[in-house]
Amino acid sequence: MKKRTWIIVLAVIVAVAACVGIYFAVRGNGQPQPPDQPGPGTVEPQPGQNDKPGKTVSVVVYVPDEQSEVLTPVGAEAADDSDQALVDALVSVGGLPEGCEALGSETVKEGGATTLKLDMNAVYGNAVRSSGTAGETMLVYALVNSFIQARGVDNVLLTVEGEALQSGHEVYDYPLEMDHTS
């Protein structure tokens with residue numbers, strides 16, 4: 001009888017220990033993590049890295065109306081969340097001309113505002129310079145509004161091949177906020 005009691009007590013202890021071990025293994029550090037959230041030590045994808053190759057990213061971009069008077073937000077598909085993919089999405093819906101390229105960007109926090117410094121290629125600069133006043137405004141703010149929307153920044157400072165964007169009407173050497181014509 002004694003031997004049987006000890007076996008039962010031992011089985012209960014083993015069962016309780018297993019349950020406690022499973023509980024703490026599942027519970028982790030006390031903070032439940034949904035499966036779509038990165039866990040500790042996980043590297044989050046940076047802009048330009050699509051974690052699901054072959055899939056596109058839905059973006060909102062701003063395009064001018066037929067009279068180039070108002071910018072309208074429209075949905076578009078981008079290859080990933082990189083600067084160039086967003087520019088390509090703008091090109092695909094007619095917001096920017098073919099050949100426009102994003103050469104690079106940098107996000108800077110200054111005095112409580114977050115500024116995206118966005119460098120574009122000469123094709124973009126030439127398109128702005130040759131488009132007239134209304135067209136210039138549409139090309140500038142299609143890009144600015146789309147990047148503010150996509151990146152969650154306060155404003156965008158545009159450069160063309162490292163230099164301030166210049167047109168026949170304006171030198172854009174200051175950060176631009178989302179335009180009211182949208």
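## How H2 meets H4

In this predicted model, helix H2 (residues 83-92) packs against helix H4 (residues 132-151) at an angle of about 130°, and their axes are 11 Å apart. That makes H2 oblique to H4, since angles over 145 would be needed for roughly antiparallel. The crossing of H2 past H4 is right-handed.

On the H2 side, the contact is made by Asp-83, Leu-86, Val-87 and Leu-90. Their partners in H4 are Ala-142, Leu-143, Ser-146, Phe-147, Ala-150 and Arg-151.

## What covers H2

H2 is mostly covered, with seven of its ten residues buried. Those buried residues are Asp-83, Ala-85, Leu-86, Val-87, Ala-89, Leu-90 and Val-91. If you are tracing what lies over them, the cover includes H4 along with strands E1 (57-64), E2 (71-78), E3 (102-110) and E4 (113-120).

Have a look at the backbone just after H2 as well: Gly-94 takes a positive phi of about 85° there.

## A tyrosine pair

Now for the aromatic rings, where the count comes to one pair. Tyr-172 and Tyr-174 form it, with 6.4 Å from centre to centre and 35° between the planes. The pair counts as tilted, because stacked would require planes under 30 degrees apart and edge-to-face over 60.

The two partners can also be described by their accessibility. Tyr-172 is buried, because its relative accessible area is 6%, whereas Tyr-174 is partly exposed at 33%; the cut-off for buried is under 20%.

Note on methods
Residues are numbered from 1 along each chain as its sequence is written. This is a predicted model: local features need pLDDT of at least 70, side-chain atom pairs count only at pLDDT 80 or more; totals for chains, interfaces and linings use all residues. Side-chain values use heavy atoms; hydrogens and water are left out. Axes are lines fitted to C-alpha atoms, for helices over the stretch in contact, and angles run from 0 to 180 degrees between N-to-C directions. Helices (H or I, at least four residues) and strands (E, at least two) are DSSP runs, numbered from the N terminus. Angles under 35 degrees count as roughly parallel, over 145 as roughly antiparallel, 65 to 115 as roughly perpendicular and the rest as oblique. A crossing is left-handed if the near helix is turned anticlockwise from the far one by less than a right angle, and right-handed if clockwise. Contact means heavy atoms within 4.5 Å. Rings of Phe, Tyr and Trp (its six-membered ring) pair if their centres lie within 6.5 Å; planes under 30 degrees apart count as stacked, over 60 as edge-to-face and the rest as tilted. Buried means under 20% relative accessible area, exposed over 50%, partly exposed in between (1.4 Å probe, protein chains only).
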